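Work through the exercises below with the sequence and the coordinates at hand. Each task is followed by a solution in steps.

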Amino acid sequence: NTELWIEYGEGKITKDELNRQRFFYPLQAVGVEDEALAEQFSKDFFAIIPTKSTLMPHAKEVLEYLAPKYNLYILSNGFRELQSCKMQSAGVDGYFKKVILSEDLGVLKPWPAIFNFALSATQSELRESLMIGDSWEADITGAHGVGMHQAFYNVTERTTFPFLPTYHIHSLKELMDLL
């Protein structure tokens, strides 16, 4: 799945190809050449994922702390048909002033154009903006590339970095001390 998202981000495959292959590749890896089974996995995934309501630890508490103090926005490579449903199901949609999706612009994170578009669409100043993200490649590298501050939420315990992010956190709750 990670490799497919990289290819999608580089424009090498389409959204439909990503969704078609994301379950077929793992099946192939274990010797199952059943496209119908992969398609059923995909249908089930897209039916279930929007109903998931579990958040990362402390997410709601941190949103309640940040929302009255800052303008919060979503900048995502996620798909429109899932993003709003997932946010509603998790009960976080009301914390964000705007959701900007790469598929609407046709440019994915980490490309500078989407960050510049997001700044313009939200009437935000680069020097006053902070990208909080758990994807080093899409979120942190992208924000760094346009000169935006970044807070890397290191959920995978990554240990090597080509540069130091503005902030490096292991718990969302740490944002309450930083901001």
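**Exercise 1. Aromatic rings**

Task: Find which residues are linked by ring pairs into a cluster, then classify the pair of W5 and F79.

Solution. Ring pairs join F23, F41, F45 and F46 into a cluster. The model is a predicted one, in which local features need pLDDT of at least 70, side-chain atom pairs count only at pLDDT 80 or more, and totals for chains, interfaces and linings use all residues. Residues are numbered from 1 along each chain as its sequence is written, and side-chain values use heavy atoms, with hydrogens and water left out.

Step 1. Rings of Phe, Tyr and Trp (its six-membered ring) pair if their centres lie within 6.5 Å; planes under 30 degrees apart count as stacked, over 60 as edge-to-face and the rest as tilted. By this rule the structure holds ten aromatic pairs.

Step 2. For W5 and F79, the ring centres are 5.4 Å apart and the planes are at 20 degrees, so the pair is stacked.

Step 3. W5 belongs to helix α1 (residues 2-9) and F79 to the loop between β1 (73-76) and α5 (80-90), so the pair ties together parts that are 74 residues apart in sequence. Helices (H or I, at least four residues) and strands (E, at least two) are DSSP runs, numbered from the N terminus.

Step 4. Buried means under 20% relative accessible area, exposed over 50%, and partly exposed in between (1.4 Å probe, protein chains only). F79 is buried at 3%, whereas W5 is partly exposed at 25%.

**Exercise 2. The open sheet**

Task: State the strand order of the open sheet, and explain why one side of β3 and of β5 is left without a neighbour.

Solution.

Step 1. Two strands pair if DSSP finds at least two bridges between them. Three strands form the open sheet in the order β3-β4-β5, with parallel pairing.

Step 2. β3 (130-133) and β5 (167-169) are at the edges with a single partner strand each, so one side of each has no neighbour in the sheet.

Step 3. Direction ignored, neighbouring strands of this sheet are turned by 15 degrees against each other on average. Axes are lines fitted to C-alpha atoms, for helices over the stretch in contact, and angles run from 0 to 180 degrees between N-to-C directions.

Step 4. Three bridges join β4 (residues 149-153) and β5 in the parallel sense. F152 stands opposite H168 in β5.

Step 5. Helix α8 (residues 136-145) lies across β3 and β4 and runs at about 160 degrees to β4.

**Exercise 3. The surroundings of H168**

Task: Decide whether H168 is buried, exposed or partly exposed, and list what H168 is in contact with, leaving aside its neighbours within four places in sequence.

Solution.

Step 1. With a relative accessible area of 32%, H168 is partly exposed.

Step 2. Contact means heavy atoms within 4.5 Å. Apart from neighbours within four places in sequence, H168 contacts F152, N154, F161 and E174.

Step 3. The C-alpha atoms of H168 and I132 are separated by 9.8 Å, and the two residues are 36 apart along the chain.

**Exercise 4. Nonpolar cores**

Task: Identify which residues touch the most other members of the largest nonpolar core, and where the buried residues of α4 lie around its axis.

Solution.

Step 1. A nonpolar core is a set of buried Ala, Val, Leu, Ile, Met, Phe, Trp, Tyr and Cys residues joined through side-chain atoms within 4.5 Å. The largest one has 16 residues, of which L63, V92, F96, L172 and L175 touch the most other members.

Step 2. α4 (59-66), α5 and β4 are the elements that give two or more residues to this core. The largest share, four residues, comes from α4.

Step 3. A second, separate core of ten residues includes L75, F115, M131 and M148.

Step 4. A59, V62, L63 and L66 of α4 are buried. Down the axis of α4, its buried residues fall within an arc of 100 degrees, so they line one face of the helix; the arc is that of the directions from the helix axis to the C-beta atoms. The cover over these buried residues includes α9 (174-178).

**Exercise 5. Backbone exceptions**

Task: Locate the cis peptide bond from K109 to P110 and the positive phi values of Q123 and E157.

Solution.

Step 1. Most residues other than glycine have a negative phi, and most peptide bonds are trans.

Step 2. The bond from K109 to P110 is cis, with omega near 20 degrees. P110 sits in the loop between α6 (102-105) and α7 (112-121).

Step 3. Q123 has a positive phi near 55 degrees and is found in the loop between α7 and β3. Its relative accessible area of 74% makes Q123 exposed.

Step 4. E157 has a positive phi of about 60 degrees and lies in the loop between β4 and β5. At 49%, E157 is partly exposed.
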